[in-house]
Amino acid sequence: MTDHPLQAHDGPDNYDVLICGAGVAGLAAARALGELGLQVLLLDKQRAPRDIAKGEVLQPGALRVLRRWGTEAMLRERGGVDLDRLVVRGPDGAALMSLDYGQLPQGDRGLLAHDHAQILGALTEGLPPGVDIRRGTLVREALRGADGRVTGLVIAHGDGDSQGGGDAGRSQGSADRAVHAPLVVAADGISSRLRRAANIAGRRVDYPRRLVSVELAGAGADSPPEDFSAYVTGRGLRLVYPLPGGRVRLYLQTEPDELRGMGADRFAAWLGRAVAEVPALTGFGPALADAAGTRQIFSVSRYLADRFTAPGLALVGEAGYAVHPMAAQGMNTAITSAASLADQLARFLPAAGGDGRPRLDAAMVDAALDAYQAERRPLLASAAKTSANAARMVTDLAWPGRIVGRRAVRCTGANPRLLHTVTHNMAGLGPRPLTPLDRLQQIGLLPDPRAHRVPVG
Ligand SMILES: Cc1cc2nc3c(=O)[nH]c(=O)nc-3n(C[C@H](O)[C@H](O)[C@H](O)COP(=O)(O)OP(=O)(O)OC[C@H]3O[C@@H](n4cnc5c(N)ncnc54)[C@H](O)[C@@H]3O)c2cc1C
């Protein structure tokens, strides 16, 4: 594997697939498409993955794919933590709604938590030999044919990281370089420039509140959390789950400007107060002073693209679909979408040529892209709805949303049939949309005579 910025005359100018972005989505796409025997160039403007807290909990749908690739085993060997429940709790710790993964089909009965950097590392290590990965390489724009089809990428010559995070204009005197491929994958995140270049519209909603995350080392040693717990409080969500090595991740919802300009000492005091308000978390007290130094603050948005393809181009990961982090869905759909794209392409790929490599052409790619769009768009639209509803249930602080949300948590928690459906949907095992009748029963407006009829599987 090559891993340095792409230079002017370095490597071929033609590949089967170009992928912009080496986050979870781009790495998963490179893995899945590389396994078809295709020559793949994977580009990222960052010189090295950033060691940040986003994306640590993998759902069974993604684990099915990672198991096939050996990535799940790698993460387990490196200390990945198994979780068997997602629980919504009151501040005192009482479970209001418990999504028990033990009721899912054999093999899908748990979640796996690990550091985001470890997940990226395990995906990178598993890349097949046909994948050329170049970090520190900024993709400037998409190349288009006369008919508007995306035919390649224009890459900044030099180091993408040195150009203000890669979104700056052309650097003086740099010679840009064109690389070509019948398939380009946009895995460049929620602000995807390739999506914009292809004029794919979508709906972005910014949540009014932010999230701050801290990592607690040796926290709550007396009683480390055993599951993924979302504590619903009057000041917003507090989310807790275990990480390898006895560490704990804690997310707290904040007002947009609540932490602005707060130095380390004031933040440590704020954290102490926020945790003290949740009696179930007071055991974390001694670990909070050190944890304050690990804070990361995120603004939160959701996004759904109107289309996941344009001629020659596929969107994977947050380039097409982003949801509130509390639902732990983003990596899941990024990984399953990457696998789906490769599965669709495999259907149209001819047998390998004399050199043992299959040859891709535009007609094949477009047939596969049509199939990818037809399979993914309805599925992700449904997953987006599930995630948005789940997020609203536990994060909405405006009084109407709060009343309906808490009611939905309580009524769903007391209804085994709905609990099973919601668990299945959150696990990413294929959509089982709630009907309008289900929704009325979920907020207790109608009784549910079938509440104890739990679907099999
Ligand atoms: C706080 C938080 C917690 C989360 N928790 C979970 C969780 O527990 N479980 C879960 O499943 N999901 C979670 N998510 C969501 C998950 O992290 C994301 O869905 C997933 O990581 C997105 O991956 P991606 O590859 O699509 O995008 P990104 O990770 O954003 O990767 C995009 C990549 O593209 C590169 N890039 C962008 N533009 C260019 C360019 N022009 N040229 C070259 N490179 C470029 C960037 O450098 C970046 O590396 C969480 C998200 C957040 C913010």
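1. Helices here are DSSP runs (H or I, at least four residues), as are strands (E, at least two), and both are numbered from the N terminus.

2. Before going further, please note that this is a predicted model, in which local features need pLDDT of at least 70 and side-chain atom pairs count only at pLDDT 80 or more, while totals for chains, interfaces and linings use all residues. Residue numbers run from 1 along each chain as its sequence is written.

3. Let us stay with α8 and α9 (residues 362-395). Their axes come within 8 Å and cross at roughly 150 degrees; axes are lines fitted to C-alpha atoms, for helices over the stretch in contact, and angles run from 0 to 180 degrees between N-to-C directions. That makes α8 roughly antiparallel to α9, given that angles under 35 degrees count as roughly parallel, over 145 as roughly antiparallel, 65 to 115 as roughly perpendicular and the rest as oblique. On the α8 side the contact includes T333, S337 and R347, and on the α9 side Y372, E375 and R376 are among the residues (in contact means C-beta atoms, placed from the backbone, within 7 Å). By class, this contact has ten nonpolar, four polar and three charged residues. Here Ala, Val, Leu, Ile, Met, Phe, Trp, Tyr, Cys and Pro count as nonpolar, Asp, Glu, Lys and Arg as charged, and the others, Gly among them, as polar.

4. α8 (residues 330-348) also packs with α1 (residues 24-34), at an angle of about 25 degrees and with the axes 8 Å apart. The two helices are therefore roughly parallel to each other, and α1 passes α8 in a right-handed crossing. Among the residues that make this contact are A25, A28, A29 and A32 of α1, and A334, A338, A339 and A342 of α8. The contact of α1 with α8 has 14 nonpolar residues, with no polar and no charged ones.

5. Next along is α10 (residues 399-413), whose axis comes within 7 Å of that of α9, crossing at roughly 110 degrees. α9 and α10 are therefore roughly perpendicular to each other. R392, M393 and V394 in α9 meet G401, G405, A408 and V409 in α10. This contact has four nonpolar, two polar and one charged residues.

6. Now for the ligand. Of the 36 residues around the ligand, G21, G23, G55, G317 and G330 come nearest (a residue is near a molecule or strand if its C-beta atom, placed from the backbone, lies within 6 Å of it). α1, β2 (40-44), β14 (210-216) and α8 each supply at least two residues of the shell, and α8 gives the most, with four residues. The shell divides into 16 nonpolar, 13 polar and seven charged residues.

7. Domain bounds come from an automatic or database domain assignment.

8. Finally, the assignment also gives domain 3 (398-457). The centres of domain 2 and domain 3, taken over C-alpha atoms, are separated by 26 Å. Their contact takes eleven residues from domain 2 and 13 residues from domain 3. On the domain 2 side, β6 (95-100) and β5 (85-89) each give two or more residues, and β6 gives the most, with five.

Conventions:
A crossing is left-handed if the near helix is turned anticlockwise from the far one by less than a right angle, and right-handed if clockwise. Two residues are in contact if their C-beta atoms, placed from the backbone, lie within 7 Å.
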